[in-house]
Amino acid sequence: MMMKTTSRSATCGALTALSLLVPLRAALASGFALRETDAMSVGSAFIGGVSRANDASTVVLNPAGMSFLDHSELENNLFYADPNARFRGQNFMGPGVTTSGVQGNRGITDAATGAAYGVWKINSRWAVGYGFYTPYGQRANYPQNWVGRYQSLVTSITDYELSFMASYRVTKRLSIGAGPRLGYLAGRFTQAVNLGPINTIFGDTTGDLTANAFAFGYDVGAIYKVDDATQIGVNYQSRMSYNMSSRTKFSPPPALAAISSINNLLIAESGHGSLQVTLPDSVSFGITRVLSPRWTLMLEGQWTHWSLIQSLNNISDHGGANTTVPVGWRNTWFGGISATYKVSNAILLRGGVSYDESPATLASRNTRTPDTNRFDLGFGVDYRPFDRVTVTLGYAHIFGTNPHIDNSASNMSGRIVGVYNDYANVVVIGTHLRF
């Protein structure tokens, strides 16, 4: 009887711990937004896209640039990212009481993604285009026996966006662009559930949450040519609100599942729910200046409205616990400088450096997104084997600042204290066909 009472109490308490699966960065994907829109941007440390208007990726970087292109264009990009987030530290369940296990491996796993764009020049004033890319994504996978397993195990998030844009050249020097965006956000989040002494006897029960939704947004931008060598760009990307459908499932080890009273309780607590997630809006602005027939310089800045996300609410549709989770993100700035050097008509070199501020602070950092401020260093090359064909290679190294973590996700998950070693490498190949 004592066993049954303790099991029910621990299992119900674990539901609160599972609520951490709600903000598992489906909402906070902003902390690991993917800036890899195209090969030119990667090689430029993600600087210049809002004002350069020289390839089809301008569809999503600043749609106003489409009418400044000389030709219609198809562009395809393939990226490979090698991120690392190695944890060192402990999870404290009480004063001097730590969770057994390993400190974790790389945490964030490698991933490949792609992006495709197309622009059709209707006439000298009008152009239309499409863009398909993944602006947010995360693949975290900690060992089953790592010390922070009551905070997180698997975090898998993907956000696909499809854009349809139109651009109009108002005058010889001014162009505007706008259009709708359709987004699809999906995620899977798991963690071990702390059932106290039950785990010691039977092993860990796993909580698994999946969620997905569609949403609409829009972009609007403008580019102004101050003179033949200088152009200024500004672009606004709207927020996108996702009304997500979620499903929670508890998976106990076989010996625990054989105890019908506990297994029935876990089944009762499993089920569907909903949460509303708003990915914030942003404003980008920049300048491109042609210094000479060989050199071009670009500056860019971006402000992102991450403070929209202060808390998340998970609502059960079957009488389970409704949970409000504080988030506390801050608005962020991004900026940097890049340059290109034209070696010949067939070869162009580029490079850049940028600084990307994280929306997370020590108070809000957690194991699913051990995010930090970062510096980006990029290099790239364009090779034009034929007049209307260009192949672009890009590489970027992202330097993290080894963020500390001190997070009490819930009473059931403990307090994790330590430091992450964060960095990443990104390589990309892009092809451009003009017609």
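Trainee: Why is N77 called buried?

Mentor: Buried means under 20% relative accessible area, exposed over 50%, partly exposed in between (1.4 Å probe, protein chains only). N77 has 5%, so N77 is buried. This is a predicted model: local features need pLDDT of at least 70, side-chain atom pairs count only at pLDDT 80 or more, and totals for chains, interfaces and linings use all residues. Residues are numbered from 1 along each chain as its sequence is written, and side-chain values use heavy atoms, leaving out hydrogens and water.

Trainee: What makes D38 and R52 a salt bridge?

Mentor: The term needs a side-chain nitrogen of Lys or Arg within 4 Å of a carboxyl oxygen of Asp or Glu. The side chains of D38 and R52 meet at 2.8 Å, N to O. D38, R52 and D55 are linked in a network of salt bridges.

Trainee: Are D38 and R52 buried or exposed?

Mentor: D38 has a relative accessible area of 0%, so D38 is buried. R52 has 9%, so R52 is buried too.

Trainee: What makes D227 and R289 a salt bridge?

Mentor: Their closest N and O atoms are 3.6 Å apart. D227 is in strand β7 and R289 in strand β11; strands are DSSP runs (E, at least two residues), numbered from the N terminus.

Trainee: How do you know whether D227 is buried, partly exposed or exposed?

Mentor: Relative accessibility is 29% for D227, so D227 counts as partly exposed. R289 has 35%, and therefore R289 is partly exposed as well.

Methods
Helix = DSSP H or I, 4+ residues; strand = E, 2+ residues; numbered from the N terminus.
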